[in-house]
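Open the model in your viewer and keep the sequence beside it. The tour below goes from one selection to the next.

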Amino acid sequence: MKQFQLFTTLIAIAVLSLSFGPGPAGAFDAHAGYYYPEPQTREVYVSELGLAPDAGKRSRAAFVIGLAAQHDKRNRIVGYHLFAKGGDLEKLIIVATGDGQYDTLYRLRALLASLTSMARSTELFARSNQPQELNFLDFCKMIGFTQVTVSNGKDVAHQILVQ
């Protein structure tokens, strides 16, 4: 009888774990299907940097708002939009605004590389010992983004967990 109870308990646990979906590695992404398609590729980026002392929800919101304001001020159409989402604005979403842009993983990574030069011009990078060694994902880590998703807004999305 005890074996039967153990067996039914194990079956119940298995059913419950299936009904709640995958764990953190494949956790439900509320933004997939709304801002971008389900990511086809994912990676983990580990930065040796810590959080900036003033990193927080406000600094992440200010980054996104400030970058959009810079583009507007210069009357510059950049071909993408940035959004800070999540309860603490810890998720950065970058979505292309036109067809034929950022439609491969390589083009998405090139976009991130181009954002590196923008990040290197910030005061936050200037305070670091070797800003030329840092990249955009290091910048994201310093201001507290834990996830960066880049997409062509149609059928390609790549997600990076920033640690």
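Select strand E3 (residues 91-96) and E4 together: they run parallel and are joined by five bridges. Strands (E, at least two residues) and helices (H or I, at least four) are DSSP runs numbered from the N terminus, and two strands pair if DSSP finds at least two bridges between them. This is a predicted model, in which local features need pLDDT of at least 70, side-chain atom pairs count only at pLDDT 80 or more, and totals for chains, interfaces and linings use all residues. Residues are numbered from 1 along each chain as its sequence is written, and side-chain values use heavy atoms, with hydrogens and water left out.

Now pick valine 148 in E4, the bridge partner of leucine 92. Valine 148 also has a bridge partner in E5, isoleucine 160.

Show the side chains of E4. Gln147, Thr149 and Ser151 point one way, Val148 and Val150 the other way, and all are buried (under 20% relative accessible area, with exposed over 50% and partly exposed in between; 1.4 Å probe, protein chains only). Because five of its five residues are buried, E4 is largely enclosed by the rest of the structure.

Next, go to the rings. The structure holds six aromatic pairs, counted for rings of Phe, Tyr and Trp (its six-membered ring) with centres within 6.5 Å; planes under 30 degrees apart are stacked, over 60 edge-to-face, and the rest tilted. Select Phe63, Phe136, Phe139 and Phe145, which ring pairs link into a cluster. Phenylalanine 63 and phenylalanine 145 are both buried.
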